[in-house]
Each structure stands twice: as C-alpha cells, then as structure tokens.
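Subject: Structure for you to look at

Hello,

Here is the structure I said I would pass on. Please open it first, then read the notes below it.

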Amino acid sequence: MRRLKRLAPVVAGIAALTMLAAACGNDSSESDAGTLTLYNAQHDDLVAAMVAGFTKETGIKVDIRSGKDFELANQLVQEGDASPADVFLTENSPAMTLVDGNGRFAKVDDETVAQVPAQYVPSSHNWVGFAARATVLAYNSKALTPDRLPESIMDVAKPEWQGKVGVAAGGADFQAIVSAVVAVKGEQAAADWLKGLKANAKIYQGNGAVMKAVNAGEIQAGVIYHYYWYKDRAESGANSADTELKFFDGKDPGAFVSISGAGVLKSSKHQAQAQQLVKYLTGENGQRILSDSKALEYSIASGVPANPALKPLSELDPPAIDVATLNGPKVVELMQQAGLL
Amino acid sequence: MRHAPVRPSPERAPRGVNGESPAVRFPDMKRMKRRTGTGRTERSYPPLMLAAAVSVSLIALIPLCFVVGYSASIGPTEAARLVFRPRTGELLWNTVRLAAGCVLLCAVIGVSAAWLVERSALPGLRVWNVLLVAPLAIPAFVNSFGWVSLMPGATGYGGALLIVTLSYFPLVYLPVAAALRGLDPALEESAHALGHSPWRTFLRVVLPQLRPALLGGSLLISLHLLAEFGALQMLRFPTFTTAIYDQYQSTFNGPAANMLAGVLVVLCLLLLLAELRLRGRARYARLGAGSARPSPRTRLGRGTAPVLLGLGVLIALALGVPLGSLGYWLTMGTSSAFPVGMLVTTTLTSVGLGAAGAILTTVIALPVAWLCVRRPGRLSVILERSTYFGNALPGIVVALALVTIAIRLTPALYQTTALLLTAYAILFLPRTMVNVRSALAQAPPVLEDVAHALGAGRSATFRRVTLRLIAPGLGAGTALVFIAIVTELTATLLLAPIGTHTLATQFWSHSDSIAYAASAPYAALMVLISAPATYLLTREARKGARA
C-alpha cells in the first residue's frame with residue numbers, strides 16, 4: 001500500500017494531463033473551409049516566412065506538413081483522391097515529376113505560369129518552379145588548391161578521390177544531382193559513376209553535415225548545394241571558414257541547377273485558394289521574401305533578382321535539361337544497385 | 001461477463017476440464033483452488049473480456065502480419081532481388097557487430113558496477129546507484145547529439161559503439177544489481193570454506209547465478225539496438241533501421257523499405273525466441289529470496305581510489321558529456337532567441353500524447369492480463385504472447401505497416417492522432433503488460449468474492465476492490481509507457497498528423513540541419529520530463545527486488 005500512496009499522485013497527474021491533451025487536440029479544426037493544407041519538402045523556416053506573407057495578404061491560413069521530397073511525393077501518389085493536401089512544394093523537381101506522372105496535379109493558372117521563366121516550367125504547365133539551387137563542390141582550402149580540383153563532377157568517382165569526398169546520398173538533393181548525371185551522361189555512365197562513389201565517398205546525413213566535415217578536414221571535398229555555404233558564411237562561418245566553393249562549368253552535370261517546384265493537387269477542394277498560394281509564391285512579393293531571406297536560395301520568378309550575396313544565376317553555366325525529364329525512381333534504383341541506398 | 005459466476009453453479013460444476021472434477025463432490029473446491037493459486041480452473045472465458053482481449057491481440061499482430069503478407073505479395077524473385085544484395089550484407093554486418101560489441105561492453109560495465117554497488121564497501125553507494133541508472137533518462141539520440149555536436153569525429157563504428165554503450169549499460173546494471181542483492185551469501189561462504197579464492201568464487205559461484213539477469217539485460221539491449229534510429233543516424237553508422245528510413249525518404253513505403261523491414265523483423269524475432277527460451281530456464285537458475293541476511297561487503301582498500309576514478313569517468317562520459325553539451329548549447333542560444341511559444345506547445349503535445357498513449361496502452365492491457373491471470377490456459381497464453389511482439393518490432397516497422405494499411409484500408413484514420421496512439425500501444429504494450437499482469441496476480445481473488453458476497457455489483461467490486469489493489473502496478477506500467485512515448489522518435493516522425501510537433505520531432509528537425517543550439521531546449525525538456533519518472537521507477541525496482 002505504501003507503493004500505492006506514492007504512485008497515486010503520478011496517476012492523478014497523468015490523468016489531468018490527458019484531459020489537457022484532449023482539450024488541446026480539439027482546437028485543431030482540420031476541415032476548416034478557409035485553411036489550406038501544404039505538403040512541404042522545402043526548408044521549414046523559408047516556407048514559413050513565405051506562407052506568413054501569403055496569409056497576411058490574403059487572410060487564408062495554411063497548415064504545413066513537413067517531409068522530404070520523395071517521402072511526400074510518394075505519399076501523395078498513395079493517398080490519391082483522398083489526400084488532404086492542396087499544394088505541394090519540393091526542394092527538387094524529380095519529386096514533382098513523380099507526382100505529375102501519376103496525374104495528381106491540376107494545371108497551374110496561366111497568369112502564374114507567365115510569372116516564371118519558361119525553362120523552369122514543364123511543358124505540361126502542371127507545376128512551376130519557384131526557387132533554384134546550384135550544385136557546387138565545397139573543398140577544404142587548406143587541403144586543396146584550385147588547380148588540384150576535379151574538372152568535372154564525374155572525376156570524383158576516380159580512384160584518386162578514395163576516402164576524400166563526401167555526399168549526402170540519402171537526401172533528395174543529392175538524388176536530384178544524380179538525376180542530372182543520368183540526363184546528361186546516360187544511365188550506364190551514371191551507374192559507373194555511382195559505383196565509383198560507393199567506393200570513394202563518405203556518406204553524411206545532409207549537405208550541412210558534408211560541409212562541416214569538409215571544414216573540419218575529415219574529407220577534402222563534398223558535393224552540396226550552394227546555399228548551405230552562403231548561409232553559414234552569413235551567420236558565423238563556424239562550419240565553412242576553411243572551405244571554398246568550386247562551381248563546375250562547361251555544362252557539366254556538376255553545374256546542375258535544381259528547381260524547387262510548386263503545384264496544386266487535382267484532388268484539392270480549395271482550388272482557387274491553392275492557385276492563389278502558388279501565384280503568391282512565384283509573384284513579386286513572395287519572391288522578394290525568398291530573395292531577402294536568410295535561406296539564400298535563388299529567386300527565379302517575377303524578375304526579382306537573387307540575393308546580392310550570391311554568385312548571379314546568369315554567371316552559372318548549367319547543362320540544358322528539361323525539368324520534366326529528371327527521373328526520381330530510376331535514380332533510386334541505380335543507387336540501390338550501387339549500394340548507396 | 002455474465003459467465004463469471006462467483007458461486008459455483010451445480011449444472012456447471014461437472015463440466016470441469018480437470019477430468020474427474022472434485023467439484024462435483026466438493027462444490028467449494030473451486031474457490032479454494034483459486035485461493036491457493038494452483039492455476040487452472042474450469043471457469044469459462046467471459047465473452048466480453050475475451051472479445052476485448054482478442055481484439056487487442058489482433059491489433060498487436062497487425063505489423064507482423066503486414067510484413068509477412070507484404071513479402072509474400074511481391075513474390076519470391078522480387079523479394080530475393082531486394083534482400084540479397086550487397087547493401088543488405090553491409091547493413092547486417094554493421095547491425096550485428098554493433099550489437100555484439102555493445103552487449104559485451106555493457107555486460108562488463110554493468111556487472112562490475114553492480115558488484116561495486118552491491119558488494120563492495122564503496123563510499124557513496126546510494127549516490128552511485130542513482131548515477132548509474134540516470135543515463136536511462138537521456139534518450140540515446142540526445143546522448144549522441146551531445147557527443148557529436150562537441151566532437152564531430154565521434155562517428156562510425158567506434159563512436160557508435162561508445163555512445164550506445166554509455167546509453168544502454170544501465171539495462172544490464174539494473175537486473176544484475178537486483179540479482180546480486182537477492183543471492184544467498186551462504187553459497188559463496190561454502191565456496192570459500194571449500195578453498196576457492198574470492199575471484200574464483202565470483203567466477204564459479206556468483207556469475208552463473210547472475211546469468212539469467214545478465215542475459216536478459218543483454219537481449220533487451222540487442223532489441224533496443226536493432227530498433228535504434230536517431231542515435232545511429234546522427235553518428236553516420238548505417239544499420240537496418242537507418243537504411244529503412246533512408247528508403248522511406250526516397251520512396252515512401254516502397255518495396256525496398258518493406259523488404260529491409262522484413263529482414264529486420266526476422267532478426268528481432270530470433271532474439272525474442274532466445275529471450276522466451278531463456279525465461280523458461282531462468283526459473284531453474286534463480287534461487288528463491290533466500291536468507292534475508294545481506295552479504296558482507298568487500299573492502300576495496302588501496303583499490304578504492306582507482307575504482308572511484310573509474311566510476312567517475314564512466315559517469316562523466318555517460319552523463320557529464322551529454323548534459324554538459326546540452327548546457328553549452330542552451331547558453332549559446334541567447335534567451336531572446338528561445339521560441340517560448342513553440343517550446344510550450346510541443347511540450348504540451350508530447351506530454352499529452354504520452355499521457356493519452358500510456359493510459360490507452362494500460363487500459364487495453366487489462367483484459368489480456370486479466371484472462372492470463374484469472375483464466376490461465378492455452379488461449380490466454382497465446383493472446384498474451386501475441387501482444388509481446390511489440391517488444392521486438394522497431395518503431396519504423398510498426399509505423400511503415402500502419403501507414404500502408406491506413407492508406408489502403410482506413411483512409412479516415414490516416415494522419416490522425418488515433419493512428420499514432422495505436423502505434424504507441426502496439427510498441428509499448430509489453431512494457432505495461434508485465435506490470436499489469438503481476439499486479440493482478442498479487443491481488444487475491446478472494447477479496448473480490450467477499451465483495452460480491454457482501455452485495456457489491458461487478459463494477460463496484462472492480463472499482464472499489466480490484467482497481468485499488470492493482471493501482472500501483474498500473475501506475476508503474478503507465479509511467480514506463482509515458483517515458484517511452486515522450487522520447488519516441490521514429491514512429492512519431494512517420495505518423496504524426498499534420499501540424500503535430502513533439503519534442504522529439506522538433507529536436508530531430510533542428511539537429512538534422514545541424515542547428516545545435518536550436519535543438520538543445522527540446523532535448524533538455526525531454527530529459528527533464530523523463531528524469532523524475534525514471535528515478536521513481538528505479539526506487540520501485542529496488543524495493544520490489546528487496547521484498
């Protein structure tokens with residue numbers, strides 16, 4: 001009975017908290033007519049800022065479910081018509097292509113399409129790009145000099161790079177870069193390249209971790225997107241002080257510029273508001289928030305110039321790739337074969 | 001419920017399952033039998049209770065059935081293509097060598113520490129006992145965060161081995177210390193008298209008696225390691241669980257993810273079988289409580305200083321580094337940058353989910369435990385065992401199964417709190433079941449009979465007699481599940497409804513983007529919430545072992 005006395009307050013406390021939880025649970029009204037559900041694979045803080053601007057301008061509230069590109073894309077495909085999602089945002093276009101290929105997207109309003117340069121919109125007009133990121137090679141400036149850097153991203157699969165290079169193989173970012181390699185060099189070359197990477201590369205959990213490892217000298221170089229480096233330099237430089245960026249050129253697959261996509265789900269019960277959100281994200285106000293934000297991704301639409309800290313988009317020399325052709329499932333299959341996934 | 005008669009009815013009595021039932025001649029025999037606790041009675045299963053227990057068992061079996069069914073549905077060639085590839089071998093090797101190394105280290109550390117605390121004249125015994133259990137209050141992924149954020153090099157096999165060992169050695173320390181406490185010193189004294197040296201006595205006499213506790217703790221650690229996701233992902237050491245999560249991110253619930261889950265389930269079931277066999281043997285090996293005389297404590301003499309130093313280093317590594325690191329990152333983030341609103345909401349969400357899940361889990365454990373204790377028999381055992389699989393199923397496997405099933409069969413449940421709570425219940429049912437079952441076993445049914453005889457109805461009897469008797473057990477079970485849910489990461493990541501953020505998922509999303517200072521407050525809150533419950537449970541465990 002002494003045990004009972006001691007535990008009684010615990011049980012009472014837990015019971016009280018349960019009621020509290022139940023009370024908290026009640027105020028999330030999911031089927032609110034005015035609220036959009038956004039499946040978001042982009043960085044949370046960036047999208048939260050852009051969405052806040054949208055809500056301020058239109059009064060339409062937005063619930064955000066966060067996940068990764070292919071996680072949410074596959075989820076949308078499986079959910080089918082029952083999906084609660086109204087709008088889908090990705091970091092990279094292959095996930096958009098996957099959803100589009102399953103016929104889940106409604107056409108984006110012409111007015112919105114007109115805000116975005118044609119190279120960032122698939123010919124179907126079923127989604128639009130709203131931001132871009134450039135592939136770079138971050139290298140440790142103490143271990144490597146510019147003249148010892150690889151000419152092409154394909155070179156890091158050569159034996160001399162064994163143990164010296166890092167990638168975030170599990171992430172959609174790197175998988176988008178692989179899809180560019182497939183698009184430019186073909187499937188066989190991509191498979192060989194991945195095999196070389198499996199032997200050479202240390203695998204990290206994200207671009208930030210890759211950059212940190214390069215900075216610490218754990219590896220000499222790593223394939224990442226540009227904004228991780230610029231963000232860190234803008235904050236404290238703690239994870240990038242000893243690193244520099246190499247932008248590949250000559251339309252190398254390593255110069256790939258990846259497009260973040262926005263699309264309206266066909267199954268959305270709030271078509272008008274959902275279209276409004278995509279229009280806002282690619283419109284001047286939305287793009288201005290993107291350009292001014294600490295995210296340091298490239299703004300690409302409505303003529304809003306990219307953040308001045310960045311190397312201008314016009315100075316990059318990316319390979320010409322049709323945004324609608326980047327193939328996610330093929331990449332995953334190739335990476336599984338290579339043992340990277 | 002109608003078929004649970006208190007008084008043996010004449011037309012029921014002859015149909016006993018015990019062969020020529022003595023109940024025919026001695027109608028009171030049934031009650032006497034229950035009082036003496038000899039087990040089998042000829043009472044039937046109350047239909048409502050049975051229905052409840054069967055539904056609970058079926059829910060608990062969902063993930064296992066899903067994995068088996070899925071593997072069968074994609075066909076042998078495709079399954080073989082996905083399973084027999086070099087990556088699977090690599091993951092298997094990583095998983096096995098991590099589990100083996102960790103179990104070995106934990107056994108050495110756990111047994112040494114338990115011996116020091118229980119058998120030596122070490123200064124500050126009570127403090128050491130608390131400190132040696134305290135790492136349980138720090139989730140393994142918070143521990144690895146503490147290490148990696150300060151020492152980025154602490155990754156790969158070495159780092160992973162160090163950090164999971166520091167997180168999990170109390171799982172060996174606790175049962176071994178309890179077993180040491182219960183040993184009869186007379187055996188050791190006899191060994192001494194027969195000329196064995198102290199060291200030889202320990203190896204030949206004490207250690208064999210500790211075997212059930214030691215092996216039980218080791219198996220528990222292995223199961224934890226097979227399910228561990230957060231810590232290993234952060235340490236860049238790929239095992240099945242982290243690989244399944246990577247697959248999930250790349251393909252949602254694609255075939256590759258589910259087949260890796262299948263391999264993982266097989267590994268877990270092998271361990272579970274080992275544990276069940278071991279439990280059978282444990283009864284042989286364990287002595288009764290023996291004499292109440294405590295064993296004499298060994299003086300450490302000149303060894304005191306190095307031993308204290310060793311324990312100090314262990315605690316510094318297991319507690320000092322993660323807590324110090326948390327403190328460091330908390331002070332790095334300026335107080336104005338503390339997202340107070342977000343911290344409060346996520347804390348309430350975590351605590352609310354924890355409380356709701358813990359109560360739900362304990363409540364649904366009741367019918368199964370009741371049948372198991374009050375109507376022992378083959379069916380009861382099958383029902384109870386089927387709830388036991390949760391112990392062996394990693395969160396990621398349960399979540400993956402529920403995601404797929406919900407999308408295909410019950411879309412209305414998909415992305416709801418209800419589905420998340422179901423996952424918690426499946427995962428943590430075994431933890432509360434043990435407590436509920438033993439509490440019921442200790443509540444004498446004769447008291448219920450007396451209450452009936454005095455005119456109390458069935459529900460009044462339950463409320464005023466049974467519930468009060470089993471409340472401590474229920475409370476302990478509920479607290480265990482509560483801690484487990486508050487620090488649960490993997491299933492929550494996959495199943496949390498839109499807009500639901502818990503301390504664990506917020507911590508994860510920040511530390512994922514190496515924003516260490518931003519993730520520290522969430523980790524600190526998790527530790528703060530689980531610490532008191534962990535302390536309480538340790539004290540209960542101590543008392544229970546002494547009784």
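**What was found**

According to the UniProt record, an unreviewed entry, the annotation "domain: ABC transmembrane type-1" covers residues 92-277 and 347-537 of chain B. Please keep in mind that this is a predicted model. In chain B, the span of residues 92-277 is 82% helix and 0% strand. The end C-alpha atoms of that span lie 24 Å apart.

The other notes concern chain A.

**Chain A as a whole**

Chain A contains 12 helices and 9 strands. Its C-alpha trace spans about 70 × 65 × 40 Å along the principal axes.

Of the 341 residues in chain A, 55% count as buried. If you take the contacts between residues at least 6 apart in sequence, 77% of them join residues at least 24 apart.

**Strand β9**

Strand β9 of chain A runs over residues 257-264. Because 8 of its 8 residues are buried, β9(A) is largely enclosed by the rest of the structure. In a regular strand, side chains alternate between the two faces of the sheet. In β9(A), Val257(A), Ile259(A), Gly261(A) and Gly263(A) point one way. Ser258(A), Ser260(A), Ala262(A) and Val264(A) point the other way, and all of these residues are buried.

Which strands pair with β9(A) in the antiparallel sense? One is strand β3 of chain A (residues 87-89), over 3 bridges; there Val87(A) stands opposite Val264(A). Another is strand β4 of chain A (residues 128-140), over 6 bridges, and in this case Val128(A) has Ala262(A) as its bridge partner.

**Helix α6**

Helix α6 of chain A (residues 172-185) has 14 residues. From its first C-alpha to its last it reaches 20 Å, close to the 20 Å expected at 1.5 Å a residue.

Is α6(A) mostly covered or mostly open? It is mostly covered, with 12 of its 14 residues buried. Among them are Phe174(A), Ile177(A), Val178(A) and Val181(A). Just after α6(A), Gly186(A) takes a positive phi of about 95 degrees.

Regards

Definitions and conventions:
Residues are numbered from 1 along each chain as its sequence is written. Chains are lettered from A and ligands numbered from 1 in the order in which they are written. This is a predicted model: local features need pLDDT of at least 70, side-chain atom pairs count only at pLDDT 80 or more; totals for chains, interfaces and linings use all residues. Helices (H or I, at least four residues) and strands (E, at least two) are DSSP runs, numbered from the N terminus. The expected span of a helix is 1.5 Å times one less than its number of residues. A residue is buried if 20 or more other C-beta atoms lie within 10 Å of its own, exposed if 12 or fewer, and partly exposed in between; C-beta atoms are placed from the backbone. Two residues are in contact if their C-beta atoms, placed from the backbone, lie within 7 Å. UniProt positions are given in the numbering used here, feature names are shortened, and annotations may be inferred rather than shown by experiment. Two strands pair if DSSP finds at least two bridges between them.
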